[in-house]
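Could you look through the model shown here before reading my comments?

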Amino acid sequence: AKLLVLNGPNLNLLGTREPGIYGTQTLDQIQQHLCTVASTLGHQCDCLQSNREYELIERIHAAMTDGTDFIIINPGALTHTSIALRDALLGVKIPFIEVHLSNVHAREEFRQHSYLSDIAVGVIAGLGPQGYELAMLAASQQLAKQ
Ligand code: DQA
């Protein structure tokens with residue numbers, strides 16, 4: 001199957017950005033590992049990080065016609081603000097898992113609302129980079145069930 005891994009604003013800074021909260025792995029390292037896991041599971045994996053809401057929405061739209069079966073998305077702060085991202089995911093009807101490196105529920109109140117969680121297959125928060133990998137395993141099992 002074809003898996004799409006999306007990361008939103010500021011996640012390009014992983015490794016140096018607030019390492020106490022987000023860890024020391026860079027996004028490159030995380031993505032490379034994910035692609036290895038994907039191929040071990042027999043899947044294709046495409047990764048995109050963008051600081052632009054527009055670019056993430058366009059990529060989600062493209063996923064509708066490029067054969068993407070499942071999306072794993074860490075929307076960064078867009079989680080808490082973006083009705084447009086929600087509508088894009090609803091519009092393409094591709095199942096997705098929402099991932100957060102940090103436990104957003106243990107942080108500021110404004111991080112505790114997500115515009116995506118109620119339409120996600122599942123949500124993983126607080127497990128650091130492992131969250132993406134667990135999401136990928138879950139996606140793989142979901143797809144096998146179909
Ligand atoms: C985040 C949590 C968000 O609240 C924050 O804005 C981020 C990263 C996380 O992975 O923990 O940019 O999505």
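The points below go from confidence to the annotated sites, the ligand shell and the core.

1. This is a predicted model, in which local features need pLDDT of at least 70 and side-chain atom pairs count only at pLDDT 80 or more, while totals for chains, interfaces and linings use all residues. Residues are numbered from 1 along each chain as its sequence is written.

2. On confidence, the chain has a mean pLDDT (the predictor's confidence in each residue, from 0 to 100) of 97, and 100% of its residues reach 70 or more. Helix H1 (residues 19-22) has the lowest confidence, with a mean of 93, and strand E3 (residues 70-74) the highest, at 99; helices (H or I, at least four residues) and strands (E, at least two) are DSSP runs numbered from the N terminus. For the complex, the predictor gives an ipTM of 0.99 and a pTM of 0.97.

3. The unreviewed UniProt entry places the feature "active site" at Tyr22 and His100. Although these residues span 79 residues in sequence, no two of their C-alpha atoms are more than 9.3 Å apart, so they gather at one spot. Such annotations may be inferred rather than shown by experiment; the positions follow the numbering used here, and feature names are shortened.

4. The cut-offs are 20 or more other C-beta atoms within 10 Å for buried, 12 or fewer for exposed, and partly exposed in between, with C-beta atoms placed from the backbone. Leaving aside neighbours within four places in sequence, Tyr22 touches Leu14, Arg17, Leu101 and Ser102, and His100 is in contact with Asn74, Ala125 and Gly131; contact requires C-beta atoms, placed from the backbone, within 7 Å.

5. The annotation "binding site", also from the unreviewed UniProt entry, covers Asn74, His80, Asp87, Leu101, Ser102 and Arg111. These positions span 38 residues in sequence, and their farthest two C-alpha atoms are 24.4 Å apart, so they do not all gather at one spot.

6. Which residues surround the ligand? They are Asn10, Asn74, Gly76, Ala77, Thr79, His100, Leu101, Ser102, Val104 and Arg111, where near means that the C-beta atom, placed from the backbone, lies within 6 Å. By class, this shell has 3 nonpolar, 6 polar and 1 charged residues; Ala, Val, Leu, Ile, Met, Phe, Trp, Tyr, Cys and Pro count as nonpolar, Asp, Glu, Lys and Arg as charged, and the others, Gly among them, as polar.

7. Thr79, in the loop between E3 and helix H4 (83-92), is buried, with 23 C-beta neighbours inside 10 Å. The C-alpha atoms of Thr79 and Arg111 are separated by 8.1 Å, the two residues being 32 residues apart along the chain.

8. The largest nonpolar core has 31 residues, and those with the most contacts inside it include Leu3, Ile71 and Ala135. Here a nonpolar core is a set of buried Ala, Val, Leu, Ile, Met, Phe, Trp, Tyr and Cys residues joined through C-beta atoms within 7 Å. Not counting residues up to four places away in sequence, Ala135 touches Ile72, Ile97, Val99 and Ile124.

Key: Contact = placed C-beta atoms within 7 Å.
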